[in-house]
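Okay, thanks for coming, everyone. I've got one structure to walk you through today, so let me put it up on the screen.

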Amino acid sequence: MTQDADPGLFGPGSVTWQMHSDPVMWIAGVRALWLQALHPVAVRGVMINSGFREDPWGRLMRTADFVGTLSYGTTGAAEAAGARVRRIHRLLGVDDPELLLWVHCAETDSYLSVARRSGLPLTDAQADRYVDEHRTSARLVGLDPDTVPGTTAELAAYFDAVRPGLAAGPDARTVEDFLRRPPVRPALVPAREVIWRRVTALAYDTLPHYAHALYGRPAPPPGTVTRRLVATANLLRGVPAGLRWRLPPGHIPRAVERLGPDTRPDPYAYPAPYALSDPAAILEEPRRQYGIDGGGSTRWGTPD
């Protein structure tokens, strides 16, 4: 790593640095939206106070930019991004810690669940480290890190506690309509039908079973979902990283340029103790000890 360069909040030695470079994170982000919409109070705040309806794509890209800045930006850039978010939350009156915690946990759970289930071979210790790392993200949006789950077990316990209050109300249905058929320019309708519908359907299928029950749409058997997710993830991973990373918002190339070529994220070849596995693992069927259902269970494919 380049001497005296700012590694940011996490740095190349973190699980976040490696995991967030994987293209399956885009599917995980859509899963987070499906899950977040099931909290009636939180999703009501989004509907009232954000530009979701008027500019849904812009809001999605701003969220991606925020996550990328926190993951790969300089410390100053990440802190500034967090300050902007906290200021907006205060101005809109959506800085209730309970609601912020729900959004944070739904995101963390979705990123980790989809990554592991897609075959990214995180050990249990690395998964716990990832959850703990994102107490930093929680602080930036206005939460007290000491009140935020720091292990996968604590994350599962949080979902067990909050599940009775979840529901697929009218606002969740509005989000569902957008996720299934978002507004696009006429020229992009074919791409939406061919690409987006498959992505959002797969993201929905990876939700925990209680979310399917609330939405009223059953998913295929868990094994089938996992095979589809692995196949899709491997297809995406076949696109050269240099090309994938230059898509908006493009934080990874800038981070590597800042810190040096040896910091290039590579979950399968990064030096110990941060290596996630060997390169051949990307072609393997995910092992059950690496799979998590999330949202209240540490076991995908098994009932709670």
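Let's begin at Asp205, which touches His212, Ala219, Pro220, Val225 and Arg228, leaving out residues up to four places away in sequence; touching, or contact, means heavy atoms within 4.5 Å. Before I go on: this is a predicted model, where local features need pLDDT of at least 70, side-chain atom pairs count only at pLDDT 80 or more, and totals for chains, interfaces and linings use all residues. Residues are numbered from 1 along each chain as its sequence is written, and side-chain values use heavy atoms, with hydrogens and water left out.

Back to Asp205. It's found in helix H11, residues 189–205; helices here are DSSP runs of H or I, at least four residues, and strands are runs of E, at least two, numbered from the N terminus. Is Asp205 buried or exposed? It counts as buried, because its relative accessibility is 13%, and buried means under 20% relative accessible area, exposed over 50%, partly exposed in between, with a 1.4 Å probe and protein chains only. Asp205 and Arg228 are 23 residues apart in sequence, and their C-alpha atoms are 9.8 Å apart in space.

Setting aside neighbours within four places in sequence, Tyr204 is in contact with Trp34, Arg180, Ala211, His212, Tyr215 and Arg217. Its C-alpha is 9.8 Å from that of Glu176, 28 residues away along the chain.

Now follow Tyr215. Leaving out its neighbours within four places, its contacts include Trp34, Ala172, Glu176, Tyr204 and Leu207. Tyr215 also belongs to the largest nonpolar core, which has 63 residues, and is one of those touching the most other members, along with Met19, Trp34, Leu35, Trp102, Phe159 and Leu179. By nonpolar core I mean a set of buried Ala, Val, Leu, Ile, Met, Phe, Trp, Tyr and Cys residues joined through side-chain atoms within 4.5 Å. Which helix gives the most to this core? That's H6, with 10 residues.

So, on to H6. Residues 97–117 form H6, and it packs against H9, residues 152–162, at an angle of about 125°, with the axes 11 Å apart. Axes are lines fitted to C-alpha atoms, for helices over the stretch in contact, and angles run from 0 to 180 degrees between N-to-C directions. H6 and H9 are therefore oblique to each other; angles under 35 degrees count as roughly parallel, over 145 as roughly antiparallel, 65 to 115 as roughly perpendicular and the rest as oblique. On the H6 side of the contact we have, among them, Trp102, Cys105 and Leu112, and on the H9 side residues including Leu155, Tyr158 and Phe159.

H6 has another partner, H7, residues 124–133: their axes come within 10 Å and cross at roughly 155°. That makes H6 roughly antiparallel to H7. Thr108, Tyr111, Leu112 and Arg116 of H6 make the contact with Asp124, Ala127, Tyr130 and Val131 of H7.

Finally, let's zoom out. The protein chain has 15 helices and 0 strands. Of its 304 residues, 50% count as buried. Among contacts with a separation of 6 or more, 74% come from residues 24 or more positions apart.
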